[in-house]
Every structure is written in structure tokens, then in C-alpha cells.
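Here is a short briefing on one protein model. Please look over the sequence and the 3D view before reading on.

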Amino acid sequence: MESHNSHWTGKTVLVTGCTGFLGNAVTRELLASGARVVGLIRNRKQLAAFAHEQRIGQFRPLFGHADDFPRMYSALVVHEVTNVFDLATASSGARAIERAVRRYHPWLPVVSAQPQAQLRLTAVDQTGLLGIARFDELFGSGDRHLDRIVPRTAQALCLDTRLPQPPRGPTKDFVYVHDAARACLQLAMALREQNAPLDIHFRSGWSLTESEMVTAVQTVYRVGCLEKNPGNPDLTLGWKPLTTLSEALAETLAWHQNQLCSSVPQFSSQPIARAA
């Protein structure tokens with residue numbers, strides 16, 4: 001683990017969207033770093049993912065919705081929250097969090113990572129210490145959104161169906177979701193250190209077109225690794241990916257294959273080659 005562990009040990013953190021794609025990765029990173037997480041849960045079925053952490057008192061479920069201002073405010077007060085990661089998708093929830101934080105403590109660090117056009121920095125006296133983590137496109141285990149090129153390609157390969165053929169387009173900076181989670185934690189610490197709002201675009205340096213990414217996923221599936229790791233990160237706030245693109249794609253492919261095996265009993269596929 002990284003040196004940020006000592007920063008989070010014993011701290012109580014509120015995470016909305018804790019069962020979502022990025023939200024789950026952020027929650028796992030916080031738990032591994034010694035934090036106590038108050039996770040917003042919509043129903044009890046979602047709680048199963050954190051059953052062990054709940055038993056040992058490291059994860060505390062908060063049942064409700066992000067747009068419930070009284071619920072958000074009481075959670076901040078009762079649990080004496082020191083940081084907020086607002087990763088729920090509803091924009092109305094973001095406004096409720098802003099109100100709750102403003103009433104609870106105007107200098108409470110709040111990190112959001114929603115790629116919404118309306119998400120922007122506003123005055124500190126309105127939002128507290130707001131940090132926005134921006135990424136071009138996330139990928140990784142847990143991503144069920146087939147409108148994104150990596151999960152769509154992974155499922156096509158695992159099911160042996162036709163690969164996506166995206167039109168020519170601009171390059172995107174692809175970021176592995178677990179590296180993105182570390183970036184969110186790094187941003188939260190920077191908010192506290194700099195005592196000012198921050199809007200940071202984190203770039204892994206894995207700049208590829210969608211067509212190039214299809215080829216990369218296929219290569220890792222068939223061969224096990226890429227010849228070289230593309231690009232270099234910009235080292236914003238000292239952050240950089242800890243995994244190679246080959247490793248990240250291999251783990252993503254393995255997750256999709258496991259999901260298909262568990263959901264479709266008759267499904268079988270060749271083992272995915274492991275990244276070297």
C-alpha cells in the first residue's frame with residue numbers, strides 16, 4: 001500500500017454511490033487504507049458486498065438517497081465525517097450534499113468525479129472544499145456499461161461474437177478504475193493541504209482511439225500482454241497508474257469472463273492469457 005494509508009487510518013468518510021463502478025473502487029481503496037466508510041445504500045441486497053467490513057465495524061451502511069438533505073446532514077453529524085466522496089449519479093443529490101456540507105462544516109473536503117457538463121467549481125462559501133476529479137474514460141472490473149468500448153469488446157471476445165468496429169475518432173485517455181480511485185483519494189488529501197477548491201484532469205497517458213483500444217484488448221486476450229505500455233502519465237499531484245495497461249486489461253477481461261460464467265451456466269470460453 002501507498003503512503004496515503006496513514007492519512008486515512010481511523011478517519012470516517014461518507015461515500016455516496018459506493019456500489020457503483022468508480023464508487024465501489026473508491027470505497028475499497030478507503031477500506032484498504034484504514035478508513036471507516038459510511039456508505040450510502042439504496043437497498044439491503046447491495047449491502048452483501050460489504051458484509052465482512054460491516055461485521056468488523058469498518059463499513060457502516062446508510063440507507064437512503066443522495067438527494068435526501070436531512071438524511072445527508074444527519075449522517076455527517078452522527079458519524080462525525082471528515083471527508084465526503086460524492087459519487088452518486090443524480091445531480092439533485094449533489095445539490096443536497098452541498099447544502100448538507102455547508103450546514104455541517106463549510107471547509108469539509110468533498111470530492112466528486114461525475115463527468116457532467118454542469119459540474120464545475122463554485123464559491124467555497126457555497127460548496128465547501130470541492131474537488132473535481134476528471135477522467136476521459138474509465139475501464140476495469142465492475143463496469144457493466146456496454147456503451148463503453150472496453151466492456152463491449154471484452155464481452156464480444158468472451159462470447160466469441162463480432163468485435164466492435166468503432167468509427168474513426170479522436171484519442172481518449174483511458175484510466176483503470178482502481179488507479180482512478182487512488183486519484184480521488186489523492187485529490188481529497190490535496191484539498192486539505194491546499195485549503196482551496198481544485199479541478200483536476202487526471203491522465204494516465206494511455207491515449208488511444210476506440211479502434212486502437214479494441215486491438216489492445218484483443219491482443220491481451222489472445223497473447224497475454226502488449227509489446228509496450230503506451231504513453232506517460234502527467235503526474236498530477238504525484239499520481240500515476242500503478243498497473244500497466246496489459247495488467248489492467250487482463251484483470252478486466254478475467255472479470256467479464258467470470259461474470260459470464262456465473263450468469264450463463266452453459267457458457268464456456270478459452271482461458272484468458274495472463275499479462276506477462
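Contact here means heavy atoms within 4.5 Å. The model is a predicted one.

**The sheet**

- Seven strands form an open sheet with parallel pairing. Their order is S3-S2-S1-S4-S5-S6-S9.
- Strand S3 (59-63) and strand S9 (198-201) stand at the edges. Each has a single partner strand, so one side of each is left without a neighbour in the sheet.
- From one strand to the next, the twist averages 20°.
- Strand S1 (residues 12-16) pairs with strand S2 (residues 36-41) in the parallel sense, over four bridges. Threonine 12 has arginine 36 in S2 as its bridge partner.
- S6 and S9 are also paired in the parallel sense, over four bridges. Here arginine 134 stands opposite histidine 201 in S9.

**Faces of S9**

- In a regular strand the side chains alternate between the two faces of the sheet.
- The covered face of S9 holds Leu198 and Ile200. The uncovered face holds Asp199 and His201.

**Leucine 129**

- Leucine 129 is found in strand S6.
- Is leucine 129 buried or exposed? Its relative accessibility is 1%. The cut-off for buried is under 20%, so leucine 129 counts as buried.
- Which residues is leucine 129 in contact with, leaving aside its neighbours within four places in sequence? They are Pro106, Trp107, Leu108, Pro109, Val110, Leu191, Asn195, Ala196 and Pro197.
- Valine 110 lies 19 residues from leucine 129 along the chain. Their C-alpha atoms are separated by 5.9 Å.

**Strands S7 and S8**

- Strand S7 (residues 137-139) runs parallel to S8. Three bridges join the two.
- Glutamate 137 stands opposite phenylalanine 174 in S8.
- S8 has five residues, and four of them are buried. That is why S8 is largely enclosed by the rest of the structure.

**Helix H8 on the sheet and against H2**

- Helix H8 (residues 177-194) lies across S4, strand S5 (109-112), strand S6 (129-134) and S9. H8 runs at about 150° to S5.
- H8 also meets helix H2 (residues 21-32). The axes of H2 and H8 come within 8 Å and cross at roughly 65°.
- The crossing of H2 and H8 is right-handed.
- From H2, the contact uses Phe21, Leu22, Ala25, Val26, Glu29 and Leu30. From H8, it uses Val177, His178, Ala180, Ala181, Arg182, Cys184 and Leu185.
- By class, the residues in the contact of H2 with H8 are 10 nonpolar, one polar and two charged.

**Helices H7 and H9**

- How do H7 and H9 cross, and at what angle? Their axes come within 10 Å and cross at roughly 40°.
- This angle makes H7 oblique to H9.
- H7 passes H9 in a right-handed crossing.
- On the H7 side are Ile149, Val150, Arg152, Thr153, Ala154, Leu157 and Cys158. They meet Glu210, Met213, Val214, Val217, Gln218, Tyr221 and Arg222 in H9.
- The contact of H7 with H9 has nine nonpolar, two polar and three charged residues.

**Two loop residues with positive phi**

- Aspartate 160 lies in the loop between helix H7 (149-159) and strand S8 (172-176). Its phi is near 60°, a positive value in a residue other than glycine.
- Aspartate 160 has a relative accessible area of 65%. The cut-off for exposed is over 50%, so aspartate 160 is exposed.
- Leucine 235 lies in the loop between helix H9 (210-222) and helix H10 (245-263). Leucine 235 is not a glycine, yet its phi is positive, at about 60°.
- At 48% relative accessibility, leucine 235 counts as partly exposed.

Methods:
Residues numbered from 1 in each chain as written. Predicted model: local features only at pLDDT ≥ 70, side-chain atom pairs only at ≥ 80, totals over all residues. Heavy atoms only, no water. Buried < 20%, exposed > 50% of the residue type's maximum accessible area, 1.4 Å probe, protein only. Pairing = 2+ DSSP bridges. Axes fitted to C-alpha atoms, helices over the stretch in contact; angles between N-to-C directions. Parallel < 35°, antiparallel > 145°, perpendicular 65-115°, else oblique. Left-handed = near helix turned anticlockwise from the far one by under 90°. Nonpolar A, V, L, I, M, F, W, Y, C, P; charged D, E, K, R; others polar.
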